[in-house]
Every structure is written in structure tokens, then in C-alpha cells.
Amino acid sequence: MSFGKELIQSANEALAIARGDAEPAGAFVPETVNVAAIRRKQGLSQAAFAKRYGLSLGTLRDWEQERRAPDRSAVVLLSLIDREPELVAKTLALS
């Protein structure tokens, strides 16, 4: 099937879903993490946590204040930090 035909088919499927005539095949619901709780568990300030793990302080604040949500790779990193903070810090220090 050509790209143009695939695009038209996708648009028709989206329209059918929007009208309620069809159900989406699946929906990705990203896992959430409580960034502030992970940071507080380590007893670190926002600035210290961001520096230790190579994160932007502004991004960390946005996550904690729920102005933005971490993407999938950030969720994975934060989950690792939550489970093995020393290992992650040591690994990042070696980079």
C-alpha cells in the first residue's frame, strides 16, 4: 500500500473513532511517578536532586508541580532512581 493510501485509511479510521463508529485499537497510558516523593525520600533539595542526576532544575520543578509530565524514558530513569539511587548516582558520575 502506498503512503498516500495509508494516510487516507488512517484519516478515515480516526474520523470513525471520533464519530463513535469505531473503537481505537489501543491507547497508551503512560505510567506516572511521584517525582517529589522520590526526591524527598532521599532528603535532597530540588537543586541537589537535579544536579545529582543530571536533570534540569526547571524540568524537575515542572514535573513536581505537574505543569509537565516526564516522558517514558524519564519515568524509567526516575523509577531506577527510586529503587537504586546510589547505583544511578554512581553510574552517572562515571559518565
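User: How many helices and strands does the chain come to?
Analyst: The chain has 6 helices and 0 strands. Helices (H or I, at least four residues) and strands (E, at least two) are DSSP runs, numbered from the N terminus. Read along the sequence, the pattern is α-α-α-α-α-α.

User: Is the chain a compact globule or more spread out?
Analyst: More spread out, because its radius of gyration is 20 Å, well over the 12 Å that the globule rule gives for 95 residues. That radius is taken over C-alpha atoms, and the rule is 2.2 Å times the number of residues to the power 0.38. Along its principal axes the C-alpha trace spans about 50 × 30 × 25 Å.

User: Where do these coordinates come from?
Analyst: This is a predicted model: local features need pLDDT of at least 70, side-chain atom pairs count only at pLDDT 80 or more, and totals for chains, interfaces and linings use all residues. Residues are numbered from 1 along each chain as its sequence is written, and side-chain values use heavy atoms, with hydrogens and water left out.

User: What share of the residues count as buried?
Analyst: 23% of the 95 residues. Buried means under 20% relative accessible area, exposed over 50%, partly exposed in between (1.4 Å probe, protein chains only).

User: Switching to Gln46. Where does it lie, and is it buried or exposed?
Analyst: Gln46 lies in helix 3 (residues 46-53). It is buried, with a relative accessible area of 18%.

User: Which side chains does the Gln46 side chain make polar contacts with?
Analyst: Those of Arg61, at 3.1 Å, and Glu64, at 2.9 Å. A polar contact is a pair of N or O atoms within 3.5 Å; within protein, one must be able to donate a hydrogen and the other to accept it, and residues adjacent in sequence count only if both atoms are side-chain atoms.

User: Which residues is Gln46 in contact with, leaving aside neighbours within four places in sequence?
Analyst: Arg39, Leu57, Leu60, Arg61 and Glu64. Contact means heavy atoms within 4.5 Å.

User: Tell me about Arg61. Where is it placed?
Analyst: Arg61 sits in helix 4 (residues 57-64). It is partly exposed, with a relative accessible area of 37%. Not counting residues up to four places away in sequence, Arg61 touches Gln46 and Arg67. Arg61 and Ala47 are 14 residues apart in sequence and 9.4 Å apart in space, C-alpha to C-alpha.

User: What about Arg39, buried or exposed?
Analyst: Arg39 counts as buried, at 11% relative accessibility. Its place is in helix 2 (residues 35-41).

User: What does the Arg39 side chain reach?
Analyst: The backbone oxygen of Leu44, at 2.8 Å. Beyond four places in sequence, Arg39 touches Leu44, Ser45, Gln46, Phe49, Leu60 and Glu64.

User: Last one, Glu66. What is its phi?
Analyst: Near 55°, a positive value in a residue other than glycine. Most residues other than glycine have a negative phi.

User: Where does Glu66 lie?
Analyst: In the loop between helix 4 and helix 5 (72-83). Glu66 is exposed, with a relative accessible area of 72%.
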